[in-house]
Amino acid sequence: MEVLMMAFLIGLGGSLHCVGMCGPLLLAFHGSQELSVNSLSRQLLYHSGRITTYAVFGGITGLLGQTIKIAGFQQGLSIFIGVLIGLGALGIIGHSFTAVKWPFMDRVLWKLKLKMGTLLHKGKDTSRFALGMLNGFLPCGLVYVGLGGAMTTGSYEEGMLFMTFFGLGTLPLLLGVTF
């Protein structure tokens, strides 16, 4: 339970980052709305899709963590990730840091943006959930930190739970942006 609380607090503490990076995107999708049951349900559909994507990725990275643990590399990997996070916190590495540049990623992101635009114009409730799911695929350093935490859980189920609680931690401020 402590691990899930940590995941929630990482999401909550990092949600200022979410507001800065995804706030304008949310306002483009939903605009500024008054709080009502209908507007809240539409927002929750969108965020449920986003958190679903995070949970699936968390399960995959939890499974990867289990494999690394079995192979005996977890301690070395933990130290390496800790050093990278520390360097990022100190500003030594940042937005310009790219470990690997994959040319196909530009095409993937372009197709993702096109699909998100199509869903945005539909405006249906099912489109909102799908739009949230696609948003979960957008590159995000904070999500990568969460996935690093999910990896340390060492199981598919715990990794999914970790990222679900991480996503729930981001909800209060992201909902606040649109209301």
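A residue is called buried here when its relative accessible area is under 20%, exposed when that area is over 50%, and partly exposed in between (1.4 Å probe, protein chains only). By this criterion, buried residues account for 34% of the 179 residues in the protein. The structure is a predicted model, in which local features need pLDDT of at least 70 and side-chain atom pairs count only at pLDDT 80 or more, while totals for chains, interfaces and linings use all residues. Residues are numbered from 1 along each chain as its sequence is written, and side-chain values use heavy atoms, with hydrogens and water left out.

The fold is helical: the protein has seven helices and zero strands, with elements running α-α-α-α-α-α-α from the N terminus on. Helices (H or I, at least four residues) and strands (E, at least two) are DSSP runs, numbered from the N terminus. With contact taken as heavy atoms within 4.5 Å, 80% of the contacts between residues at least 6 apart in sequence join residues at least 24 apart.

We turn next to the interior. A nonpolar core is a set of buried Ala, Val, Leu, Ile, Met, Phe, Trp, Tyr and Cys residues joined through side-chain atoms within 4.5 Å. The largest such core holds 20 residues, and Met116, Leu131, Val143, Met163 and Phe166 touch the most other members. Two or more residues are given to this core by each of helix H1 (2-30), H2, helix H4 (104-122), helix H5 (125-135), helix H6 (141-153) and helix H7 (156-178). Beyond its neighbours within four places in sequence, Val143 is in contact with Tyr54, Met163 and Phe166.

Leu44 lies in helix H2 (residues 37-71) and is partly exposed, at a relative accessible area of 34%.

Finally, the cysteines. The structure holds zero disulfides, a disulfide being a pair of cysteine sulfur atoms within 2.5 Å. For Cys22, the nearest cysteine sulfur is that of Cys140, 6.2 Å away; for Cys140, the nearest is that of Cys18, at 5.8 Å. Cys22 is partly exposed at 23% relative accessibility, whereas Cys140 is buried at 17%.
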